[in-house]
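Biologist: Before we look at any particular feature, could you show me how such a model is to be read, one term at a time?

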Amino acid sequence: MRTLAEWLSLQESVHPQSIDMGLERVGHVAAALGVAAPAFPVITVAGTNGKGSVVAHLEVLLTALGARTGMFTSPHLIRYNERIRVAGREVTDAELIAVFEQIEAARGATTLTFFEYNTLAALAIFTGARVDVAVLEVGLGGRLDATNLVAADAAVLVSVGFDHREWLGDTLELIGAEKAGIFRAGHPAVLGTPQMPASVYEAISRLGARAVVAERDFSWQIQVTGWDYHGLALRLESLPPSALAGAIQYRNAATAIAALEALRSSVSARPAVGALATRLALLDRPTVAAALERVRLSGRFQIIPGKVEWILDIAHNEPAAQTLAAQLRERPLPQRAAGAARTFAVIGVLADKDAAAVGAALAGVIDQWIVCTLPGPRGTSATELATRLVPRGAPIQLADSVVAGCELARAQAQPGDRVVVCGSVYTVGPALTWLRVY
């Protein structure tokens with residue numbers, strides 16, 4: 001019997017390409033496994049940024065309603081098991097090994113990518129666990145992503161920005177069209193912002209989906225002591241802020257609530273899942289408030305308090321870096337007698353990302369750059385990354401690993417300073433382990 005590590009190593013070599021967009025191969029294996037048309041309702045979440053936060057809010061909201069949830073996200077920070085959760089619990093190695101054996105038996109001569117194995121494993125585990133509802137985070141794009149082999153009862157598009165241009169296109173219109181491919185006729189298409197490319201609205205019209213648009217069909221107002229949500233039918237007053245830090249989380253939390261409102265109308269016509277519709281009807285202020293206080297998500301403006309504050313955010317593309325910069329400005333450094341407090345950046349960015357755009361977005365909020373080498377085929381050396389990332393003349397140090405970068409920051413930071421670890425999951429993951437908070 002293979003170990004989990006051996007299974008994951010095998011899955012990286014079965015298909016000749018690490019990314020091969022399309023649904024034919026994975027759909028064929030899904031049909032053989034019996035997971036292509038799940039009995040449970042599905043919420044699919046896409047977007048350049050904000051997907052993880054919306055998924056995290058959806059999980060705690062559904063759990064607060066008493067639903068047995070399945071959650072699929074990617075990539076992972078530390079352990080592969082993070083990607084698949086049932087009822088808030090990460091799956092075990094044994095569960096993964098068992099489902100990989102089922103997939104291997106079902107696929108025959110069909111080859112699969114690493115992510116396609118991952119998606120099939122999630123669907124099979126959710127089926128076996130008899131979840132009430134599954135939340136699927138799109139891996140890349142939407143239309144041809146493996147998660148799109150199942151029809152979403154409610155689909156959420158959080159944002160559209162520049163990333164993965166080699167796969168999705170080099171204009172926002174092309175990228176938007178790919179992401180809008182998760183929408184289905186007659187089902188809700190929830191948009192986390194009205195500022196979407198025209199191609200998104202065109203796809204909704206062409207597919208016959210039902211648009212639910214932020215700032216039009218649902219909205220939020222921030223008050224002195226909390227915030228209010230006004231939705232399709234719900235009005236929730238004086239909600240506590242999300243436990244996730246940053247003003248952007250009001251939008252993400254509101255989008256998740258709107259998605260559940262929309263899902264209720266979508267599943268009401270399915271007698272087999274009537275119990276979920278009944279639970280969704282119980283969505284009220286106490287339930288939402290309790291969920292907002294419990295939501296957790298590592299590596300998304302995650303704050304580790306102390307004399308030196310550490311902030312961890314995977315921001316790996318230009319829009320995410322712009323959001324991170326805005327959040328840092330919202331959280332000013334303390335005043336101190338011994339000179340101005342400083343912000344250190346411990347940063348590593350993959351070779352296929354737009355490091356120059358990330359660096360430009362963060363330039364105004366970083367005082368000292370510590371640029372780290374990231375290993376692996378997509379990694380890059382600190383020396384090479386620095387030439388693309390750091391503005392000319394900015395203070396910079398090079399580190400041969402993320403751990404070495406964290407050590408440099410710890411040695412130099414004084415009380416009142418902060419250290420921002422960012423640029424990739426492959427930067428934040430090792431930092432979380434080094435900080436011993438994961």
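Modeller: Let us begin with contact, which means heavy atoms within 4.5 Å. This is a predicted model, in which local features need pLDDT of at least 70 and side-chain atom pairs count only at pLDDT 80 or more, while totals for chains, interfaces and linings use all residues. Residues are numbered from 1 along each chain as its sequence is written, and side-chain values use heavy atoms, with hydrogens and water left out.

Biologist: Which residues does I43 touch, not counting those up to four places away in sequence?

Modeller: With those sequence neighbours set aside, I43 touches L58, L62, V133, A134, V135, L136, A154, V156, L260 and L263.

Biologist: How many residues does the largest nonpolar core have, and which have the most contacts inside it?

Modeller: A nonpolar core is a set of buried Ala, Val, Leu, Ile, Met, Phe, Trp, Tyr and Cys residues joined through side-chain atoms within 4.5 Å, where buried means under 20% relative accessible area, exposed over 50%, and partly exposed in between, with a 1.4 Å probe and protein chains only. Here the largest such core has 48 residues, and I43, W227 and Y229 are those with the most contacts inside it. Helix α9 (residues 248–267) supplies the largest share of this core, eleven residues. Another core, of 38 residues, lies apart from it and includes L8, V42, F114 and A124.

Biologist: How far does helix α5 reach from its first C-alpha to its last?

Modeller: Helices (H or I, at least four residues) and strands (E, at least two) are DSSP runs, numbered from the N terminus, and the expected span of a helix is 1.5 Å times one less than its number of residues. Helix α5 (residues 114–129), with 16 residues, reaches 23 Å, close to the 22 Å expected. Because 14 of its 16 residues are buried, α5 is largely enclosed by the rest of the structure. After α5 comes R130, whose phi is positive, near 55 degrees.

Biologist: How many disulfides does the structure hold?

Modeller: A disulfide is a covalent bond between the sulfur atoms of two cysteines; the criterion used is a pair of cysteine sulfur atoms within 2.5 Å. The structure holds zero disulfides. For C372, the closest cysteine sulfur is that of C406, 6.7 Å away, which is too far for a bond. C372 counts as buried at 0% relative accessibility, and C406 is buried too, with a relative accessible area of 0%.
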